[in-house]
Amino acid sequence: MRHPLMVRCELHQLWAAPMALRRVLSNLIQNAQRYAAGFPVTLVCEQGPQGVRIGVLDQGPGIPETELDRMQQPFQRLEASRSQGTGGVGLGLAIVKELAKANGWRLQWISPPAGGLQCWIQLHPGA
């Protein structure tokens with residue numbers, strides 16, 4: 001099954017731990033593609049007054065606001081069945097949270113009422 005990825009990024013120079021950033025983005029993109037049921041996933045990079053922020057945005061069912069904190073804990077999933085279709089053991093978002101914390105990046109999760117999920121990573125100034 002094809003998983004489209006749209007990229008909307010201006011060119012920015014980043015100073016960040018490359019392996020950590022790669023793992024964070026990989027986990028977020030893979031989760032979005034897995035749960036967005038074939039809808040495009042968008043990777044966005046923006047320069048703002050507080051530095052560069054990177055977003056992974058999808059149009060899937062999203063995560064209810066009340067579940068966002070729990071989903072960042074190890075071994076937590078919305079779907080309890082552990083189905084082969086969605087796979088995973090519930091570590092992806094926990095890894096994202098810990099890598100962001102270790103690198104001084106701020107995470108922002110937005111679950112729009114219309115559905116989907118947005119995860120924004122604010123890299124600290126000078127990153």
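Two strands pair if DSSP finds at least two bridges between them, and the strands themselves are DSSP runs marked E of at least two residues, while helices are runs marked H or I of at least four residues, both numbered from the N terminus. With that in hand, welcome to a predicted model, in which local features need pLDDT of at least 70, side-chain atom pairs count only at pLDDT 80 or more, and totals for chains, interfaces and linings use all residues. Residues are numbered from 1 along each chain as its sequence is written, and side-chain values use heavy atoms, with hydrogens and water left out.

**View 1. The whole chain, for orientation.** Let us begin with 3 helices and 5 strands in the protein chain. Of the 127 residues, 38% are buried, a word used for a relative accessible area under 20%, with exposed for over 50% and partly exposed for in between (1.4 Å probe, protein chains only). Contact means heavy atoms within 4.5 Å; among contacts between residues at least 6 apart in sequence, 57% join residues at least 24 apart.

View 2. The 5 strands form an open sheet with mixed pairing, in the order β1-β2-β3-β5-β4. Its edge strands, β1 and β4 (106–110), each pair on one side only. From one strand to the next, the twist averages 15°. Helix α1 packs on this sheet and touches β1, β2, β3 (51–58), β4 and β5, with a direction about 25° from that of β3. For such angles, axes are lines fitted to C-alpha atoms, for helices over the stretch in contact, and values run from 0 to 180 degrees between N-to-C directions.

**View 3. Where β1 meets β2.** Strands of a sheet pair through backbone hydrogen bonds, either parallel or antiparallel. Here β1 and β2 (residues 41–48) run parallel, joined by 5 bridges. Look for Leu-5, which stands opposite Val-41 in β2.

**View 4. The hairpin of β4 and β5.** This time the pairing is antiparallel, over 5 bridges. Ile-110 has Gln-118 of β5 as its bridge partner. Between the strands lie 6 residues, and Gly-115 in this hairpin takes a positive phi near 110°. On β4, Leu-107 and Trp-109 make up the covered face, whereas Arg-106, Gln-108 and Ile-110 make up the uncovered one.

**View 5. Gln-122 and its neighbours.** Gln-122 belongs to strand β5 (residues 117–122). This residue counts as buried because its relative accessibility is 13%. Its side chain reaches the backbone oxygen of Gln-50 at 2.9 Å, a polar contact (a pair of N or O atoms within 3.5 Å; within protein, one must be able to donate a hydrogen and the other to accept it, and residues adjacent in sequence count only if both atoms are side-chain atoms). Leaving aside residues up to four places away in sequence, Gln-122 touches Gln-50, Gly-51, Val-52, Arg-53, Trp-105 and Arg-106.

View 6. Ala-17 sits in the loop between β1 (5–9) and α1 (18–35). With a relative accessible area of 31%, Ala-17 is partly exposed. Beyond residues up to four places away in sequence, Ala-17 touches Asn-103 and Trp-105. The C-alpha atoms of Ala-17 and Asn-103 are separated by 7.6 Å, though the two residues are 86 residues apart along the chain.
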